Amino acid sequence: MGHTAARLELEIPSEIEQIEGVVLQVIRRCEEAAFSARHLSFTVPVALTEALSNAILRGNGEDASKSVRIRVLVDAQLLVLEVEDDGTGFDLDACTSDPTTPGNLEREDGRGLFLMRRLMDRVEQFRGSGNVVRLTLRHRSSDGRAA
Amino acid sequence: MSFTVKKHGDVTILEVEGTLIVGNRQELKQKVIEELETGTRKVLVDFDKTTYIDSSGLGVLVSLAKKIREMGGDLRLANLNEDLQTLFELTKLDTLFQISESRDRALESF
C-alpha cells in the first residue's frame, strides 16, 4: 500500500459474537501494511478484542439495539483504532487496576484496560458523538523498520 | 473456535482450537464443570492450536483453577506459544499456573 493511508469504518450491533469478525477485517488491513507477525497474531487482536468487549458489555450493556462504531486508520507507521459506544464513558486511569498485585492476581476480571495499555503505545478515552476509546500503535519507525 | 475433550488416564485434556475470548469462555467453563461433575480432578488445558486469548479467557482460567483447587484438584496448562507466554508474563499469571512446554511434560507433572 506504499505510504497511502488505509481507512476502514464498521458498525456492529452490541453482540460479543461480532468481535472476531471485526478483528479479522482489521488484521487483514494490517497484513496489507506489512505489520510484524507479533502485531498480527497478538498485539492488535488482543487489544482490539478488549476495546470491543468493553464497548459491547460495559458501554452498551450488551443491548443489541445499540451499535458500536469502529474506525481504523493504517498508514506507513501508525495504526489508529477508535471504538465508539453509546455509554456515558469512564475514567481511564481510575478504571485501570494492576491485576499483577498479589491481591488482584486471582481476580477473574480487571485485566482488559491493563492489557490494552500494555500492548498499545497510547490509549485515550474521550467523548465524540458517543464514548470513544482510541488505541494507537506505532508499527514502523520513521526509517521503515518494524517496531 | 472449538474445544475438544480427551482423556489420558485420570487426566482430562481440553484442547482449545482458535481463540479463547469473551465470546466462548462460558463454553469452556461449562465443559470443565461437566467434567468435574463426573469426578475429574486433574485438568490440562492444551493451547497448541490456540491463536489468542483475551482478558475474559484469562479470567475464566483463573476462576476454574480456583474452583478445581477448592475441590482438591489441579488445573495445568501446556503448549503456550511465544505470544501466549508473553500474555501470561504480562499479567503475571505465569506465577499462578503450572505451565508445561508440551502435553507430555504436563501429563508427567500430575
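In the predicted model, B:Asn79 counts as buried, with 21 C-beta neighbours inside 10 Å; the threshold for this class is 20 or more other C-beta atoms within that distance. The residue is found in the loop between β5 (74-78) and α3 (82-90) of chain B.

A:Ala34 is placed in the loop between α1 and α2 of chain A. A:Ala34 is partly exposed, with 14 other C-beta atoms within 10 Å, a count that falls between the limit for exposed residues, 12 or fewer, and the limit for buried residues, 20 or more.

In chain B, the packing of two helices was examined. The axes of helix α1 (residues 25-37) and helix α2 (residues 55-70) of chain B come within 9 Å and cross at roughly 15 degrees. Angles under 35 degrees count as roughly parallel, and α1(B) and α2(B) are therefore roughly parallel to each other. The crossing of α1(B) and α2(B) is right-handed. On the side of α1(B), the contact involves B:Arg25, B:Leu28, B:Lys29, B:Val32 and B:Leu36, which meet B:Ser56, B:Gly57, B:Val60, B:Leu64 and B:Ile68 in α2(B). By class, the residues of this contact comprise six nonpolar, two polar and two charged.

Chain A contains an open sheet of five strands, arranged in the order β1-β2-β3-β5-β4 with antiparallel pairing. Strands β1 (6-13) and β4 (122-127) of chain A stand at the edges and have a single partner strand each, so one side of each is left without a neighbour in the sheet. From one strand to the next, the twist averages 15 degrees.

Within this sheet, strand β2 (residues 67-74) and strand β3 (residues 78-85) of chain A pair in the antiparallel sense over six bridges. A hairpin of three residues joins β2(A) to β3(A), and A:Leu73 stands opposite A:Val80 in β3(A). β3(A) also pairs with strand β5 (residues 131-138) of chain A, in the antiparallel sense and over eight bridges; here A:Leu81 stands opposite A:Leu135 in β5(A). The pairing of β4(A) with β5(A) is likewise antiparallel, over six bridges, and these two strands form a hairpin with three residues between them. In this pair, A:Arg122 is positioned opposite A:Thr136 in β5(A). A helix accompanies part of the sheet: α1(A) lies across β1, β2 and β3 of chain A and runs at about 175 degrees to β1(A). An angle over 145 degrees counts as roughly antiparallel.

The two chains meet at an interface in which 22 residues of chain A are in contact with 20 residues of chain B. On the side of chain A that touches chain B, α1 (19-32), α2 (37-59) and α4 (112-119) of chain A each supply at least two residues. The largest share, eight residues, comes from α2(A). Sorted by class, this side of chain A has eight nonpolar, five polar and nine charged residues.

Technical notes. Residues numbered from 1 in each chain as written. Chains lettered and ligands numbered in written order. Predicted model: local features only at pLDDT ≥ 70, side-chain atom pairs only at ≥ 80, totals over all residues. Contact = placed C-beta atoms within 7 Å. Helix = DSSP H or I, 4+ residues; strand = E, 2+ residues; numbered from the N terminus. Nonpolar A, V, L, I, M, F, W, Y, C, P; charged D, E, K, R; others polar. Pairing = 2+ DSSP bridges. Axes fitted to C-alpha atoms, helices over the stretch in contact; angles between N-to-C directions. Parallel < 35°, antiparallel > 145°, perpendicular 65-115°, else oblique. Left-handed = near helix turned anticlockwise from the far one by under 90°.
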